[in-house]
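Subject: Structure handover and notes

Hello,

Please find the structure below. My notes on it follow.

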Amino acid sequence: MQCSAFHYTLGMEPLTAFTLDDDAPAEDAALTEASCALVLGRLDGLVAGLSDDEKTLFCMHLLRRTLIAALLQSGFTDAEMRFDHWFAGLERAPLETPLTPCPAHTIVRALLTELGHHPWELLSAAARTISAAARFTADGSDNSAVGLPTKALEAARGLIGEGPLPFVSASSLPFAALEQLNRRLRQSALFAPIERGAAVLPLLGRDVAIERAGIRTPLWALDALQGRLLASCGAWRVPLPCPGAVTAEALRPVLGPCSRRIVMAERLAASVQGLIELAETARRQAMRMHHSLGHLRSSARAPQVWMLLAGFAPLGLEQMGVAFGITRRGTYAVRDALVDAGMARVETVRGKVLLVATGEHERAIQMSSERSGALPSPLLAEFDAAMDEIDRLLERTR
């Protein structure tokens with residue numbers, strides 16, 4: 001069978017060429033699942049080997065990825081662009097449309113509450129810290145569907161927790177359980193894809209019916225709890241969220257069984273590969289943090305603050321104080337320590353001071369500038385003259 005490759009971006013559904021009468025070979029499905037199993041095992045081992053600071057950074061990155069992916073999947077196309085300043089209370093919420101099922105702030109609040117009770121203490125602590133610091137504005141709070149995110153998470157827990165899900169102890173592979181969960185989702189009134197509807201618009205004095213896309217179903221709730229299924233099957237030790245792992249494409253009724261297995265395994269593998277990249281980023285950032293802030297005493301708050309800045313979003317000083325229990329004077333001390341170490345910079349947005357983590361390249365440029373300005377001009381002139389003399393001596397030997 002010939003099939004076209006598909007490209008996936010958070011918030012967009014993947015497109016494939018699979019149809020019911022053109023099912024994929026079983027060998028292709030088995031190979032895709034084997035590749036997915038390899039990625040699952042790699043992440044499980046990688047997370048287990050992280051230090052505490054690396055795990056905290058990883059959790060911050062994972063929470064950001066989970067929240068933004070949920071908003072994009074719900075149809076808030078400008079969520080990533082607005083997220084940082086929205087978190088600080090300086091920007092309006094992502095724009096609602098007729099196809100977004102509920103206000104954006106209800107999704108992020110429901111997810112932070114859910115993950116604040118996660119069994120992995122480091123992830124739950126990070127979620128509680130972020131929830132305390134968050135200043136998400138509540139545009140569209142009069143929407144009648146404000147309770148949908150909580151209902152979606154409850155329904156997702158029910159579907160994933162319904163027994164029995166297949167469990168093969170010898171192999172610890174989750175794919176039979178994923179297939180059974182997929183069947184349940186296709187029968188769910190809340191999660192099954194909604195067909196395109198019709199809208200009637202007045203045009204030149206006449207009512208014209210046009211086709212419009214269906215409202216997005218809250219598949220992000222299943223992403224948030226997907227790790228529970230993987231952990232119950234023995235594939236993972238920690239039930240991590242899997243942003244983007246569940247898509248409407250895998251729920252299409254026209255897919256053949258092998259084609260469906262391929263779509264599910266590919267999407268899960270792509271999601272997990274993204275988490276692997278987050279873990280690797282956390283390792284690099286932790287190494288940089290220890291190099292720049294390792295001289296501080298163990299009780300210092302600057303490293304804790306920087307991990308939130310680097311992994312999640314910029315912070316206002318007032319947010320910092322609430323999230324970490326720091327006095328106003330203490331927030332200035334933390335700010336100065338991070339700025340002096342080249343780990344953060346201060347930005348003023350709409351009259352509010354934000355502390356923003358600097359990237360590695362920004363620190364390199366700053367250090368290069370400091371080195372270039374460290375020597376007084378007479379010494380530089382003497383050095384240049386000596387190099388010129390060496391060049392002249394080398395010319396004579398040629």
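In which hand does H4 cross H5, left or right? H4 passes H5 in a left-handed crossing; a crossing is left-handed if the near helix is turned anticlockwise from the far one by less than a right angle, and right-handed if clockwise.

Before the rest, the conventions. This is a predicted model, in which local features need pLDDT of at least 70 and side-chain atom pairs count only at pLDDT 80 or more, while totals for chains, interfaces and linings use all residues. Residues are numbered from 1 along each chain as its sequence is written, and side-chain values use heavy atoms, with hydrogens and water left out.

Helices and strands are DSSP runs numbered from the N terminus (helices H or I, at least four residues; strands E, at least two). Helix H4 (residues 104-115) packs against helix H5 (residues 121-133) at an angle of about 140°, and their axes are 8 Å apart. Axes here are lines fitted to C-alpha atoms, for helices over the stretch in contact, and angles run from 0 to 180 degrees between N-to-C directions. H4 contributes Arg109, Leu112 and Leu115 to the contact, and H5 contributes Leu123, Ser124, Ala127, Ile130 and Ser131 (contact means heavy atoms within 4.5 Å).

Next, the aromatic residues. Rings of Phe, Tyr and Trp (its six-membered ring) pair if their centres lie within 6.5 Å; planes under 30 degrees apart count as stacked, over 60 as edge-to-face and the rest as tilted. By this rule there are 6 aromatic pairs. Phe83 and Trp86 have ring centres 6.4 Å apart and planes at 80°, so this pair is edge-to-face. They sit about one helical turn apart, because they are 3 residues apart in helix H3 (residues 79-87). Phe83 is buried, at 0% relative accessibility (buried means under 20% relative accessible area, exposed over 50%, partly exposed in between, with a 1.4 Å probe and protein chains only). Trp86 is also buried, with a relative accessible area of 0%. One aromatic cluster is formed by Phe83, Trp86, Phe87, Phe136 and Phe312.

Val272 is in helix H9 (residues 257-293) and counts as buried at 0% relative accessibility. Leaving aside residues up to four places away in sequence, Val272 touches Val39, Leu40, Leu43 and Trp236.

Lastly, Arg350 is not a glycine, yet has a positive phi of about 55°. Most residues other than glycine have a negative phi. Arg350 lies in the loop between strand E4 (344-349) and strand E5 (352-357), and is exposed at 65% relative accessibility.

Regards
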